[in-house]
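Hello,

Please find the structure below. My notes on it follow.

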Amino acid sequence: MTLPPASRIIKTPAAVSHAAKGVDGIINLAAETHVDRSIQDPGAFVRTDMLGTYVLLEESRKRELDFFVQVSTDEVYGTLPEDRPEIK
């Protein structure tokens with residue numbers, strides 16, 4: 001199956017529903033990139049990063065999927081110190 005870019009799919013409940021048929025879970029890697037761009041066009045970030053995640057979560061809930069994994073970057077969580085024992 002060939003799909004359009006994730007930033008378009010995840011904002012469309014019908015497309016997400018179609019793509020989620022027969023899956024055990026969803027791993028969300030889709031996001032707008034580069035914080036500097038978020039200042040120039042915050043709407044794109046809200047639509048993809050927030051609305052898109054909501055659409056995926058709702059589909060996961062409706063289908064009672066086994067898992068949902070949200071992947072993000074240090075732009076959200078910040079840099080972790082390398083001397084933390086759980087990182088090794």
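Which element has the lowest mean pLDDT, and which the highest? Helix H5 (residues 74–77) has the lowest, 65, and strand E2 (residues 67–70) the highest, 94. Here pLDDT is the predictor's confidence in each residue, from 0 to 100. For the protein the mean is 82, and 80% of the residues reach 70 or more. Where pLDDT is low, the predicted coordinates should not be read in detail.

This is a predicted model, in which local features need pLDDT of at least 70 and side-chain atom pairs count only at pLDDT 80 or more, while totals for chains, interfaces and linings use all residues. Residues are numbered from 1 along each chain as its sequence is written, and side-chain values use heavy atoms, with hydrogens and water left out.

Helices (H or I, at least four residues) and strands (E, at least two) are DSSP runs, numbered from the N terminus. Helix H4 covers residues 42–63, 22 residues in total. A kink of about 30° is centred on Leu51; the bend is the angle between axes fitted to the seven residues ending there and the seven starting there. After H4 comes Glu64, with a positive phi near 50°.

There are two salt bridges (a side-chain nitrogen of Lys or Arg within 4 Å of a carboxyl oxygen of Asp or Glu). One joins Glu58 and Arg61 at 2.6 Å, N to O; both residues lie in H4, three residues apart. The other joins Glu59 and Arg63, also at 2.6 Å, N to O, and these are four residues apart in H4.

Regards

Key. Expected span 1.5 Å × (residues − 1).
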